Amino acid sequence: MSDKKEVLICGEVKGEKITTITKELMTTGRKLCIDLNQPLSLLLIGQNIQEAANEAILLGADKVYTAEGASWVESFPEHYVSIIADICNQTGPSIILFSQTDMGRDIAPRLAARLGAGVCLDCIELAIDPDTKSLLQTKPVYGGNAMAVWASTNNKPQVITMRPRTAAQAEPDTSRKGEIVPVALDVNNSMIKGKLLETLQEDVKGIRLEEAKVIITGGGGIGGKEGFQLIKELAQILGGAVGISRVPCDEGWMPAGHEIGQTGHMVSPDLYIAVGISGAPQHLAGCSGSKCIIAINKDPEAHIFKEADFGIVGYYREVLPVLIEKCRNLLA
Amino acid sequence: MDIIVCVKKIPDPEIPPAKFKLDMESKRVIPPEGIPPVINPYDEQAVELALRLKDKYGGKITVLTIDNDADTSIVKHALAMGADEGIVLADKAFEGSDSFSTSHILSQAIQKVGNFDLVLCGRQAADWDEGLVGAIIAENLSLPLVTLAEAVDVVDGKLKVKRVTLDGYQIFAVPTPAVATVSNEVGQPRLPSGWGIISASRKQIPIWKAGDLDADPSQIGAKAVRRRLVKLFIPVREKKCEIIEGETTAEASVKLAERLRKAGVI
Ligand SMILES: Cc1cc2nc3c(=O)[nH]c(=O)nc-3n(C[C@H](O)[C@H](O)[C@H](O)COP(=O)(O)OP(=O)(O)OC[C@H]3O[C@@H](n4cnc5c(N)ncnc54)[C@H](O)[C@@H]3O)c2cc1C
Ligand SMILES: Nc1ncnc2c1ncn2[C@@H]1O[C@H](COP(=O)(O)O)[C@@H](O)[C@H]1O
């Protein structure tokens with residue numbers, strides 16, 4: 001156990017680079033480190049992670065632990081739990097940060113149970129209570145209808161996942177110095193009983209929702225597969241991506257991979273056009289960070305108008321063709 | 001295949017946002033009047049997934065719930081869908097439990113039920129949206145875990161579990177017994193049949209108390225919690241929506257495009 005506690009980020013790497021979501025985590029982690037007067041460490045597990053480790057130092061990590069060998073796309077998740085628990089037992093972090101990603105939401109709860117730690121998933125804000133030094137954790141609850149603020153009550157480490165896009169990405173500073181510490185993996189593989197057989201990353205056609213500047217989302221009001229032609233056409237003209245709410249997903253009007261919301265993608269484009277969407281909190285959870293929200297709904301009382309910047313009360317079949325035509329002209 | 005499904009009763013998560021009320025003082029959600037609580041939708045989907053496995057491979061489905069009012073309604077709902085047995089866990093000593101205590105109680109109950117190949121939980125309970133209990137049970141019982149399951153099958157004596165990811169899926173092979181948490185991609189749960197409702201209403205539902213379980217008293221109830229709720233509030237939205245009007249919908253649509261262009265949004 002080291003003499004000084006640290007804030008540990010469990011980072012993610014894609015194509016040998018630190019992911020944008022992990023960069024957000026570094027901003028959150030740095031803020032906590034300042035308040036706690038503790039160093040910031042980052043753990044990278046994977047193959048070919050040296051370049052990412054160097055990048056992490058420029059992004060603000062005082063120390064980067066590199067565990068070469070395992071990889072998320074080849075391992076059973078419990079393998080990761082064991083590796084991270086092992087490192088935590090050696091380094092004794094005060095806070096362990098993940099993003100609320102496929103990996104974070106899977107690993108964090110089991111890791112916390114193994115470490116006897118506290119845990120809170122899907123936080124949108126973290127702060128240190130100046131008096132008690134306990135970690136204050138803000139998280140949406142009841143599908144986004146309410147917010148809860150929790151305080152840690154023990155001196156055990158706190159395991160946290162942060163919702164993406166709740167902090168700005170850390171910016172690199174080439175003058176930063178830090179230490180890279182390779183860690184040996186001596187996880188007892190015989191203890192891990194599951195096996196990953198197959199991973200499929202569906203190639204999302206067109207723009208990834210998370211990166212899209214414009215998203216046009218169709219909901220239950222679209223009424224069927226065929227109505228999505230108009231949504232797609234508007235998306236094409238505005239250079240945007242197509243999203244859906246839960247209803248088209250359940251009804252099979254569009255592939256589930258387009259779903260926006262609590263259980264789907266969390267997006268924050270510059271422009272979000274919600275067509276035939278009622279504005280349930282579980283849906284808004286995925287898009288309320290958008291810069292400008294436009295609602296097109298036949299019902300003037302629809303809750304979506306409470307969240308939108310601009311709205312049209314009307315039937316989408318009357319609105320969209322005109323909107324498409326006008327946008328086409330304006331952008332020609 | 002014998003399956004245990006953990007189910008939780010929650011306030012209806014699909015009430016209109018205007019009906020959602022809470023008492024900031026006591027940091028509690030006020031149950032909406034006239035709208036009865038429901039089985040957590042993901043748990044209903046977990047029951048559905050269990051029934052699909054039972055349809056294919058036979059076996060027995062046991063549902064467990066911790067409910068301090070000893071309310072049997074959601075257990076009966078699962079029985080009416082086709083589950084075989086239901087047990088309600090209720091005791092004053094369970095009150096104020098957090099995710100760890102809840103998982104401890106459920107883990108002890110699961111062990112008491114005994115023979116099982118698979119434990120299913122929902123991916124999260126749609127009240128507090130924690131998403132913790134299934135994973136903690138797996139750790140407590142040292143069992144393999146697959147989260148966000150969409151489908152389960154049996155291949156060569158092992159479970160083949162499909163996990164939903166943001167941009168696709170993963171497929172895992174795990175030996176039994178195992179734990180899985182269930183996601184909404186499972187699809188529509190079946191409706192209880194008339195006969196199901198009748199036979200469920202006749203079924204005895206045992207109530208297990210703390211003393212019926214081999215639970216560690218220091219790990220349950222309010223004194224065991226690892227975090228404290230300091231504030232519960234409804235976020236205020238400061239947005240004012242500008243409704244674009246026109247003589248006709250078409251005119252409003254044209255105006256909207258022009259507004260967006262002027263505002264530099266498109
Ligand atoms: C635990 C849980 C998790 C959930 N997670 C998600 C999630 O991640 N994402 C998500 O989207 N939902 C989620 N939901 C579902 C959510 O609560 C709502 O049920 C869902 O978002 C409703 O979708 P909708 O608004 O598109 O459809 P509806 O509720 O059917 O609303 C349709 C809207 O379209 C309008 N409309 C109808 N016809 C027209 C027309 N011709 N022109 C214009 N407007 C029209 C109607 O006035 C209405 O407002 C979740 C629910 C639960 C319980
Ligand atoms: N009181 C409870 N009784 C039975 N099962 C529960 C209870 N609380 C949580 N669970 C199970 O654990 C899952 C995840 O809950 P949570 O971690 O609270 O979001 C739920 O979907 C249920 O399957």
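**Exercises on the interface of chains A and B**

In this model, 73 residues of chain B are in contact with 84 residues of chain A, where contact means heavy atoms within 4.5 Å. The model is predicted, so that local features need pLDDT of at least 70 and side-chain atom pairs count only at pLDDT 80 or more, while totals for chains, interfaces and linings use all residues. Residues are numbered from 1 along each chain as its sequence is written, and side-chain values use heavy atoms, without hydrogens and water.

**Exercise 1.** State how much area chain B and chain A bury between them.

Solution. Buried area is the accessible area (1.4 Å probe) that two parts lose on being put together, summed over both. On this basis the two chains bury about 7,200 Å², with 59% of it on carbon and sulfur atoms. On the side of chain B, Asp167(B), Arg227(B) and Lys239(B) lose the most area to chain A, together 10% of what that side buries.

**Exercise 2.** Describe how S14(B) pairs with a strand of chain A.

Solution. Strands are DSSP runs (E, at least two residues), numbered from the N terminus, and two of them pair if DSSP finds at least two bridges between them. Here six bridges join S14(B) to strand S10 (residues 146–152) of chain A, and the two run antiparallel. Within this pairing, Lys231(B) of S14(B) has Val149(A) opposite.

Definitions and conventions. Chains lettered and ligands numbered in written order. Helix = DSSP H or I, 4+ residues; strand = E, 2+ residues; numbered from the N terminus.
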